[in-house]
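Hello,

Here is the structure for your files.

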Amino acid sequence: MMVRIRICEESLVEPILKGEIRCPVHLYSGQEAIATGVCFALSERDYVFSSHRSHGHYLAKGGSIKELVAEIYGKEAGCSRGRGGSMHIIAPEMGMLGSAPIVAGTIPLALGAALASKIRKEKKVTVSFFGDGAAGEGVLYESLNFAALGRLPIILACENNFYSTHLPIRECRPENNIFKIGKPFCIQSYRVDGNDVLKVYEVSKNAVGLCRKNRGPVFIEFVTYRLRGHVGPDDNIQGTHRDIRPKEEIEKWRKKDPIRRFEAFLIKNKIFRKETLERIDREVEEEVKGAHEFAKESPYPNPNELTKYVFKEN
Ligand SMILES: Cc1ncc(C[n+]2csc(CCOP(=O)(O)OP(=O)(O)O)c2C)c(N)n1
Ligand SMILES: [Mg+2]
């Protein structure tokens, strides 16, 4: 799954630079272990909400590369019927209940889903994925309080990549300790290495178990780093923005690449051979190539149907 996400993300770079993809795209490269480890701890019936950087969550929840790529090209065959683009990914049939780029905006929506599933006694778990930037939004604290009071089956999954757009976390938080914000609300809170897929899975599995036993909510801070620019492949290439992240910092995190780390683990423990891993890469590359061809050939939505699917018709 991590390879699926990475290869799919990296395949978007060239079409973005060529202007073939026109919507803003926030690449997930570098953070794959989080979506993968968390979603593998869920069942198909559970719910996920995400933010502007949501491709990984959609794929890990079972989304198709073909429909994701078609959506990013704005085509009718996309998972949001071409109305959403990269930042509005939705696939209710697999529990991906939506992503939206309002920072922290989907957290209260996730609470609603968790509350509904609790009232209906469905034993479904909801995961709300958001970035460290959401820790600066008041709605997160209101949501923590509400989730704790209602003992809601929700996992608040904060992906701390140390930056909100180009603002380093040290300039907007007195202490780099996001996981502690759950504590005043008596929420079990953890900090995990978000580039270690097995650790992510382990802590998520435990959190899912607690939520199913009515012992939620759980707050998890995943420490990670994005390997691409904030929006688009590279903030330096894209004109006026500059990636202010120090080169040495980026290099340090490249060495902690979650995919390379897990590959090394698999080979060292003789679980997979190098050739098997290479075959997986080739298979995913083929699938991704096919998805781009499909997306480019697919039609745009009919302009007369612009609001179809956007508003619910009674
Ligand atoms: C309420 C709100 N304020 C500001 C923005 C502009 N904005 C878009 S992404 C972003 C930073 C988000 O950072 P973070 O939550 O850490 O997620 P990351 O991009 O690092 O994954 C900001 C400020 C927005 N979309 N919504
Ligand atoms: Mg961030």
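A search of the whole predicted model finds 18 salt bridges, a salt bridge being a side-chain nitrogen of Lys or Arg within 4 Å of a carboxyl oxygen of Asp or Glu. Side chains of opposite charge can pair when their charged atoms come close.

One of these joins Arg 228 and Glu 10, at 2.5 Å from N to O. The pair links distant parts of the chain, 218 residues apart: Arg 228 is in the loop between strand E8 (218-223) and helix H9 (247-254), and Glu 10 is in helix H1 (residues 2-10). Helices (H or I, at least four residues) and strands (E, at least two) are DSSP runs, numbered from the N terminus. Both side chains are partly exposed, Arg 228 at 22% relative accessibility and Glu 10 at 28%. For these classes, buried means under 20% relative accessible area, exposed over 50%, and partly exposed in between (1.4 Å probe, protein chains only).

Glu 221 and Arg 191 also meet in a salt bridge, 2.9 Å from N to O. Glu 221 lies in strand E8 and Arg 191 in strand E7 (residues 188-193), so this pair ties together parts that are 30 residues apart in sequence. Glu 221 is buried, with a relative accessible area of 0%, whereas Arg 191 is partly exposed at 39%.

Lys 180 and Glu 175 form a salt bridge of 3.8 Å, N to O. Lys 180 is partly exposed at 37%, as is Glu 175 at 46%.

On the surface, Glu 285, Glu 286, Glu 293 and Glu 297 gather in a patch of negative charge. Patches are made of residues with over 30% relative accessible area and no salt bridge, like charges being joined within 9 Å and nonpolar side chains (Val, Leu, Ile, Met, Phe, Trp, Tyr) within 5 Å. Glu 293 is found in helix H11 (residues 274-297) and is partly exposed at 42%.

The structure holds zero disulfides, a disulfide being a pair of cysteine sulfur atoms within 2.5 Å. The sulfur of Cys 172 is 11 Å from the closest cysteine sulfur, in Cys 158, too far for a bond. Cys 186 is exposed at 72%, and its sulfur is 16 Å from the closest one, in Cys 211, again too far for a bond.

Residues are numbered from 1 along each chain as its sequence is written, and chains are lettered from A and ligands numbered from 1 in the order in which they are written. Because this is a predicted model, local features need pLDDT of at least 70 and side-chain atom pairs count only at pLDDT 80 or more, while totals for chains, interfaces and linings use all residues; side-chain values use heavy atoms, with hydrogens and water left out.

Regards

Definitions and conventions. Accessible areas come from the Shrake-Rupley method with a 1.4 Å probe; for residues, only the protein chains shown count as cover. Lys and Arg count as positive and Asp and Glu as negative; His and the chain ends are not counted. The place of a charge is taken as NZ of Lys, CZ of Arg, CG of Asp or CD of Glu.
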